[in-house]
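Visitor: I am new to this structure. Please show it to me, and then I will ask how its terms are applied.

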Amino acid sequence: MFPWLDPSGRFSAFKLTVFVLLLVPGCFILWPVIAEGGATIPVKEAILESGDWAIRMLLISLLITPLRRITRASKLVQIRRQVGLAALAYAVIHLLLYMLSQSWDVLRVANEILVRIYLTIGFVALTGLFILGVTSTKSAMRRLGKNWTRLHRISYGIGVLAALHFFMQSKIDVSEATLMSGFFVALMLYRMAHARDWSLRSPLVLVSIAVLAGLATAGIEYAWYGLATGVPPSAVFAANLEFMWPLRPAWNVLLSGLFVAVISLFGRDSIGREWLGQIASSLFVRPQRSRGG
């Protein structure tokens, strides 16, 4: 199916817009590599950026289901496959660029993947994304039946592996890896809340998830610095609790979660929409004049 058609086969401006937006980062990543003829520095930067976008796309794909429940925007489900395939595409680009940096020496690349644990973890995550990609079609869903849902739950494990790969290749500065891990925690908390029949349209539930995810993000960064580096983890944790600019990952995760809670107030059939409707009525509906003599 073409990416700009809805499930009924009709043109969808929404899906076309999403498709174009998914392509934009790839254009910015690959253009310097092409323009410089595969020079070393652009390739190294493109390897990092394509990996960043692979995990971002994976997280966005995991966001779609809880966001649909929060806002009741049913159209969101139409782009879940698109975004998931974009995560796979950026992960493949990530690998191909790494192979380019190794002069397309397949044996050397294979040896590096086997020897370097962070590359092994990344390759396992890529393999998982490939499995999800080839089983994302309607025909695969029909063939697998109930097993399709079970299979696609490996996306949670892929998220863990991708975050770990991100941490291990980030060396000292793990701010971006911590941020992605915090968002992943928030996405898992949304799913846990739904599994316990807690309404994802409740601002109290969403604010609680935002706070827990923010604290978990600070804890993740604390644990990483405590276990993997010589940087005092207590200083990192204290920095997370202090509101400063640029914002630490924990604050970004917290504020993003609170933003989702605000969005929930304006979803379909929500109280926020009712308020907006009442305000619009009072502003734009003119009172009728009496026709008395």
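Guide: By class, 23 nonpolar, twelve polar and seven charged residues make up the lining of the largest pocket. The model is a predicted one, in which local features need pLDDT of at least 70 and side-chain atom pairs count only at pLDDT 80 or more, while totals for chains, interfaces and linings use all residues. Residues are numbered from 1 along each chain as its sequence is written, and side-chain values use heavy atoms, with hydrogens and water left out.

Visitor: What makes a residue nonpolar, polar or charged here?

Guide: Ala, Val, Leu, Ile, Met, Phe, Trp, Tyr, Cys and Pro count as nonpolar, Asp, Glu, Lys and Arg as charged, and the others, Gly among them, as polar. In the second largest pocket, the lining divides into 19 nonpolar, seven polar and three charged residues.

Visitor: What makes a space a pocket, and which residues are its lining?

Guide: On a 1 Å grid over the protein atoms alone, a pocket is an open set of points with protein on both sides within 12 Å along at least five of seven lines, and lining residues have an atom within 4 Å of a point. By that rule 42 residues line the largest pocket, and R80, R81, Q82, S136 and W148 lie nearest its centre. The largest share of this lining, eleven residues, comes from α3.

Visitor: How much space lies in the largest pocket?

Guide: About 1300 Å³. A volume is the space filled by probe spheres set on the grid points, which are joined across faces, edges and corners. For the second largest pocket the volume is about 750 Å³.

Visitor: What makes a stretch a helix?

Guide: A helix is a DSSP run of H or I with at least four residues, numbered from the N terminus. The protein chain has 13 helices and zero strands (a strand is a run of E, at least two residues). S61 is found in helix α2.

Visitor: Why is S61 called buried?

Guide: Buried means under 20% relative accessible area, with a 1.4 Å probe and protein chains only. S61 has 12% relative accessibility, so S61 counts as buried. Of the 293 residues of the protein chain, 39% count as buried.

Visitor: Which residues is S61 in contact with, leaving aside its neighbours within four places in sequence?

Guide: They are R80, V83 and G84, where contact means heavy atoms within 4.5 Å.

Visitor: What lies 2.5 Å from a polar atom of the side chain of S61?

Guide: The backbone oxygen of L58 lies at that distance.

Terms used:
Buried means under 20% relative accessible area, exposed over 50%, partly exposed in between (1.4 Å probe, protein chains only). On a 1 Å grid over the protein atoms alone, a cavity is a set of points where a 1.4 Å probe fits but cannot get out, and a pocket is an open set with protein on both sides within 12 Å along at least five of seven lines; lining residues have an atom within 4 Å of a point. A polar contact is a pair of N or O atoms within 3.5 Å; within protein, one must be able to donate a hydrogen and the other to accept it, and residues adjacent in sequence count only if both atoms are side-chain atoms.
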